[in-house]
Amino acid sequence: MILNEGDAKKLVLAPAGINMLQGEICATAAQAAAAVQRLGRCVIKAQVPAGKRGKAGGIKLVSTAAEAEKVAADILAMRIGDYAVQGLLVEQCAAIAKEYYAAVLHAPVERATLILFSAEGGMDIEELAATKPEAIRRFIVRTPDDFSVKDAKSMLTGLDVDIAGISDLLVKLYQRYRQTDAELVEINPLALLEDGRLVALDCKFILDDAATYRQTELAAAAASEEPTMLEAKGASQGLKFIELPGNVGILANGAGLTMTTMDVVQHLGGTPANFMEIGGDAYTKGEAALALVLANPNVKSLVVNFCGAFARTDVMAKGVADAWKVLKPDIPVFFSVHGTGEDEAVALIEDEFGVTPFDFMEDAVQAAIAVTK
Amino acid sequence: MSDFPIIRRTDRVLVQGMTGGQGTFWTEKMIECGTNVIGGVNPKRAGSTHLGLPIFGSVAEAVKSEQVDVTLMFIPPTLAKDAALDAITAGVRGIVILTEHIPSHDVLEFFAAAAKHSTKIVGPNTAGLVTPGAGFVGIMPGHNSNIFKPGRTGVISRSGSLGTLICLNLTRAGFGQSSFIGIGGDPMIGTTTKDALVALDHDENTDAVVMVGEIGGGMEEEAARYAATMKKPIVAFIAGRAAPPGKRMGHAGAITAGDAGSYAGKRKALEDAGVIVVDTPRDIATALAHATKRKSAYNTA
C-alpha cells in the first residue's frame with residue numbers, strides 16, 4: 001500500500017521529529033484557498049500515488065487565496081498517471097540552498113535493509129543510479145535495529161554536507177521504517193534551506209501489505225488504488241483478479257500457472273481477458289472466481305487450467321461446474337487439469353460438460369483462441 | 001551432512017504445526033512417500049502423539065532427544081517469526097517455510113538470525129522440496145508417480161502449481177527428476193534461484209537443470225551470472241511475459257517496475273549466459289532433449 005505524500009509526512013515523518021514545511025492537507029479548492037490565506041505564498045501539490053507529479057502539472061506555486069482556489073480546482077480535476085487526484089497538500093514556500101536524496105528500503109537480494117543517500121537529490125533515483133552511480137552512498141543493515149549514528153556517519157564520510165544533521169535524520173528514518181512496517185520510506189528531495197534547516201520536501205512511503213493487521217492507522221490512510229468494479233469485487237471476496245483488454249478468459253490456480261496461461265495465450269496469438277488465480281487458500285472459491293471472469297462482456301471463450309499441488313483440482317472443478325449451472329454462459333470452455341484430485345476432476349468435467357480435458361494446456365489455449373477468431 | 005535444499009531419504013524431518021488440518025493431511029502424504037518424519041511441534045499438545053509420532057512443545061525441546069535435520073513450518077503468518085526463530089536457535093540446519101503473507105520485517109529478523117546460526121531457509125511462500133523416490137517436504141504432490149519420477153533433471157521453481165505442471169511434462173517426456181526445489185514466490189526468500197542452481201550444479205545425481213522463473217526482482221539475473229560458469233545444460237521458462245507492468249500478479253514478488261525485473265531483461269541475461277529459454281511449458285522437454293542429446297517421449301513440433 002502506498003500513502004500519499006501528505007499522509008506519509010503526517011503519519012510517518014512527523015512523529016520522528018523530522019522537519020517539514022508548514023502545510024495543510026485539503027480536500028477542496030475552498031480549503032486550499034483558506035490555507036493559503038493563513039500560510040501566505042504556497043505550493044499546491046496533487047495528492048496521488050504516482051510519480052512525476054510536477055511534470056504532469058500537479059504541483060503549482062500560488063501567492064494569493066484567489067489564485068489558490070483556481071489552481072486547486074484545476075489540480076483536483078486532473079488525472080496523473082493511472083489515478084484521479086485524491087486531494088491536495090498546501091505547503092509554505094521556502095528558499096532552498098541544496099537538494100539531497102535519502103531513503104530506507106528492503107534489499108531482497110541481500111535479505112537486508114538498504115540505506116541510500118545522495119547529495120544530488122531532486123531527480124529520480126533510478127535516473128541518478130544510471131547516469132551517476134558514484135553520487136549515491138549505500139549502507140546495508142544486516143541485523144534489524146542495528147543502525148547507529150556512527151554507521152550513518154561512516155556512509156557519509158567525505159561528503160560536503162552537514163554530516164551530523166543528516167546522520168541523525170537517517171537514523172530517525174530507519175527507525176520509522178522499522179516501526180511502521182515499511183517496504184520503502186523515501187525523502188526526495190531532502191532540502192537544505194537557506195536558513196540552514198534540513199526539511200523533507202516530499203515523502204514516498206510503501207507499507208508492507210502483509211503487515212496491515214498491525215498497522216491499522218497507516219492502512220486506513222492508504223491511497224486509493226482505483227481497481228475496476230470487477231477487480232474491487234474480487235478483492236472483497238479474497239480473489240486476485242486483474243482485468244486485461246483481451247477476449248480469452250482465464251481461470252487457473254497459482255500465480256505462476258496463471259501468468260503462464262496468459263503468456264501462452266499471447267504466445268499463440270490470442271489476447272488474455274484477465275488474470276484470475278484461485279490457488280492457495282482460495283482454491284475453494286471457483287464459483288465466485290468464475291462469476292467474475294464471465295462478468296466481463298469481452299470474454300469469448302474460457303480456458304480453465306488447473307494443476308493441483310496444494311489446491312485440489314476436484315474441488316476447483318466442482319466450483320466451475322456449479323457456477324456454470326447458475327450463470328449458464330454462452331461461451332465455449334476448454335479444460336486442462338492435472339495434479340492433486342485429477343481423476344475425480346476429469347470424471348466430473350466429462351460428466352458435467354461432456355468434454356475430456358486437453359492433455360496439454362497449450363492445446364486447450366489453442367482451441368480457446370481458435371473460437372475467438 | 002544434509003544436502004539441503006535437496007531433500008534426502010536420510011533427512012530427519014520435524015513438522016512445526018503438524019497437528020492442524022493441513023499439517024496432518026500433508027504429513028500423512030509425506031510419510032506415505034518415504035519422508036523420514038520424526039515428529040511434530042505444537043506447544044499446546046506437547047507430550048502427546050499424532051499420526052503415531054511424538055509431539056514436542058518446541059523445536060528446542062525436540063532437539064534435546066532427537067536429531068532434527070529439517071523442519072517444515074505449517075504456521076500462520078502472525079506466528080511464523082517465533083516458529084522460525086525457535087528452529088534457528090535450536091540449531092536446525094534447514095527450514096522450509098510454506099507460509100505466505102509473513103510481514104517482511106519479521107522475515108528480515110529471522111533471516112538475520114539464520115545468517116548468524118548458518119541456517120539455510122527455503123521460502124517463505126514455497127510449496128516445498130521433492131526428491132522423487134526419496135520423499136518430499138511441503139505441499140507438493142510428491143506422492144503422485146504420474147507427476148514425479150526419479151531421474152536426473154533438477155527443477156527449480158518459484159511457483160508450486162507451475163512447477164508441478166512442468167515436472168508432469170518432464171515425466172511424460174521421459175525425463176525423471178533428481179530433485180525439485182520450490183524456492184517460493186515472495187520477493188525476499190532464503191534460497192534464491194542462484195542458491196538452488198549451485199546446489200544442483202554440485203549434485204552428482206543431476207545432469208541438467210530446468211529453471212522456472214517469474215518476472216519481478218533480480219534473482220534470474222543473479223542466477224544467470226552463475227549459470228554462465230556451469231557445464232550442465234539449463235533450460236528456462238519465465239512466467240509473466242504477458243503481465244501488464246506495475247501490477248502485482250498474485251505472487252508478491254511478481255511485479256515489474258520500469259525495466260527492473262522485466263521479462264525481456266531476464267530472458268536476455270539468461271540467454272547471454274548460454275541458458276536455453278523457451279516460450280511455453282511444453283517446449284521445455286523438447287529443448288532438454290536437444291540439450292542432453294536424448295529423445296523426448298513426445299513430439300512437440
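Of the 301 residues of chain B, 59% count as buried, a residue being buried if 20 or more other C-beta atoms, placed from the backbone, lie within 10 Å of its own, exposed if 12 or fewer do, and partly exposed in between. The model is predicted: local features need pLDDT of at least 70 and side-chain atom pairs count only at pLDDT 80 or more, whereas totals for chains, interfaces and linings use all residues. Residues are numbered from 1 along each chain as its sequence is written, and chains are lettered from A in the order in which they are written.

Chain B holds 9 helices and 14 strands, where helices (H or I, at least four residues) and strands (E, at least two) are DSSP runs numbered from the N terminus. Its radius of gyration, taken over C-alpha atoms, is 19 Å, close to the 19 Å that the globule rule gives for 301 residues, so chain B is as compact as a globular protein of that length; the rule is 2.2 Å times the number of residues to the power 0.38.

The two chains are set out below.

| Chain | Residues buried | C-alpha span along principal axes |
|---|---|---|
| A | 48% of 373 residues | about 80 × 50 × 40 Å |
| B | 59% of 301 residues | about 60 × 40 × 30 Å |

Chain A has 13 helices and 18 strands, and its domain assignment, of an automatic or database kind, gives domain 1 (22–92), domain 2 (96–220) and domain 3 (229–370). The centres of domain 1 and domain 3 of chain A, taken over C-alpha atoms, are separated by 45 Å. Within chain A, residues 24 or more positions apart account for 70% of the contacts with a separation of 6 or more, two residues being in contact if their C-beta atoms, placed from the backbone, lie within 7 Å.

Between the chains, the contact takes 49 residues from chain A and 48 residues from chain B. Elements of chain A that each supply at least two residues to the side touching chain B include β9 (112–118), β17 (301–308), β18 (333–339) and α13 (361–370), while the largest share, 12 residues, comes from α9(A). This side of chain A divides into 22 nonpolar, 16 polar and 11 charged residues, with Ala, Val, Leu, Ile, Met, Phe, Trp, Tyr, Cys and Pro counted as nonpolar, Asp, Glu, Lys and Arg as charged, and the others, Gly among them, as polar.

V326(A) is found in helix α11 (residues 313–327) of chain A, and V326(A) is exposed, with 10 other C-beta atoms within 10 Å. V326(A) and E287(A) lie 39 residues apart in sequence and 9.3 Å apart in space, C-alpha to C-alpha.
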